[in-house]
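Colleague: I have a structure open and would like to learn how to read it. Could we go through some features one by one?

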Amino acid sequence: MSGPLKGLLVLDLTRVLAGPYCTMILSDLGARIIKIEPPNGDDSREFGPLINNTSAYFASLNRGKESIKLNLKEKNDKTIFQKLLSRADILIENFRPGIMKKLGFEYKILAKKYPGLIYASCSGFGQTGPWADKPAYDMIVQGMGGLMSLTGHEKHEPVRIGTSIGDITAGLFTTIGILAALVKKNKNNKGQMIDISMLDCQIAILENAIARYFATGQSPGPSGSRHPAIAPFECYRCMDGYFVMACGNDTMFRRMCKAINANNLSKDKRFISNSERIKNVVGLKNELEKLFIKNSINHWIQILEKANIPVGPLNNVEDAVNSEQIKHRNMIVNIKDKNLKNFFVAGNPIKMSSYKDPSYRNKSPTLDEHRNKILKEFNLQ
C-alpha cells in the first residue's frame, strides 16, 4: 500500500482485535507490518466464519501484513527478534503488563538499545494502577467502563454494543498515540512509550454522560435510540419499518413539523423548546409516530429531506454495505485471496488527496508465510 507511512517498519506482537485493528490502520496508511506470531499463531485464526479453512475474521484485520512465527522464550528466536528491532520504527504489543519484562523486552531496556523506537502497549487496564494485572476482553471493559449502563432500554437487562467498541476504540487511540509520537520523533529523533488502556478508552468516549453525572449527581441510564439531550433525535416507526431522524435545534424542529403537516406540535407547550421536548420525549415520540405509521419509510424520508432535515433509513448490514454512498466512497474493498473469492472487507475511511485509495487489499498471511523472505532480508539465514 502506498501512503504517508510508507517506509516505516512496524513489528506487530498483537493478536485478536485491539492491536491488529491498530496495525491494520497503519498498513492502510502505507506502513509495512511484520506480524510476529507465537508458535500456535494468533488465536483469531480459528475464529469463524471460516471459508475454505481460512478465518474471515482474521483476514479482515490482517490483510496486507507479513507473518513470521517466533517463540520469544527461545534463544534463537530472541536473536531474530532483536535483529528485527534494530531496523524497526514501531513495536506494538497487547500483552498483560509484565509479560514483555519476563521475555527481556521491557521498554526501559529497549529504549537504551533503540532510542528511536516507538513502543506502543495496548492492554485491558494499562501499565499502572491496582487493576493493571487483570485480564480483559471487550465485554469486560464495556461493562466496567459504564458504557453498557447507557445502552439498551430502561428496565431491560444490560446490552452490549453490537460491535467490539472496547477493542476498536483502544486500537484507534493506539494509532493516534503512535502518529503523535512519530511527529515528535521527526523533531528530536527520539522514540517513546505509549501506554493505552482499553478501560481508559471507554471512559474517554462516554461523551456527555460524564458531564451529566457531575452536573446532576446521578448516573444517567439507558435511553434506547434517543439522544439524552436533544429531541426529536431517535428511531421512529412507520408503516413498513423504522427510520432515524434528528432535529438539533428549535428552528429545525419547527421546519420538520411544517414538512409533515404537524404545525400543531411546534405550538404545543410540551414541545415548544428543546428542554421541554426532552421532558416530554415519550409523548413527542407517540405524537410523531401517530403520523409516521400512516405511510412508508421512503415517503417520510423524501418529505424530510426536501425540508433539509437529517434523516435516513434504519439499515441492516447488507443495506449499509450495498448503499450507493458507501460504494462511491470505496468503503467496501476486495481481498485478493484465492481462498476467499468474492470476499470483501471495510475500506479505509481516511481519504487523502496525495494518495490513491485502491479498491482491493492484499491477502492476510498464512502462519509463518514470510519467514524465509524476512530471514534473508535481515541476514538471519
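Predicted model: local features only at pLDDT ≥ 70, side-chain atom pairs only at ≥ 80, totals over all residues.

Colleague: Which way do residues along a helix point?

Modeller: An α-helix has 3.6 residues a turn, so residues three or four places apart point the same way. After α1 comes G30, with a positive phi near 110°.

Colleague: Now the strand. Are the faces of β7 covered or uncovered?

Modeller: Both faces are covered. On one side I118, A120 and C122 are buried, and on the other Y119, S121 and S123 are buried.

Colleague: Which strands pair with β7?

Modeller: Strand β6, residues 90-93, runs parallel to β7 and is joined to it by 4 bridges; E93 has S121 of β7 as its bridge partner. Strand β8, residues 193-197, also pairs with β7 in the parallel sense, over 5 bridges. There, Y119 is partnered by M193 of β8.

Colleague: What makes up the nonpolar surface patch?

Modeller: W131, Y137, M139, I140 and M144 form it, with an area of about 540 Å². W131 sits in the loop between β7 and α6.

Colleague: Is W131 buried, partly exposed or exposed?

Modeller: Exposed means over 50% relative accessible area, and partly exposed lies between that and the buried cut-off. W131 has 41%, so W131 is partly exposed.

Technical notes:
Residues numbered from 1 in each chain as written. Heavy atoms only, no water. Patch = residues over 30% accessible without salt bridge, like charges linked within 9 Å, V, L, I, M, F, W, Y side chains within 5 Å. Areas by Shrake-Rupley, 256 points an atom, 1.4 Å probe, with all protein chains shown as cover. Salt bridge = Lys/Arg side-chain N within 4 Å of Asp/Glu carboxyl O. Helix = DSSP H or I, 4+ residues; strand = E, 2+ residues; numbered from the N terminus. Buried < 20%, exposed > 50% of the residue type's maximum accessible area, 1.4 Å probe, protein only. Pairing = 2+ DSSP bridges.
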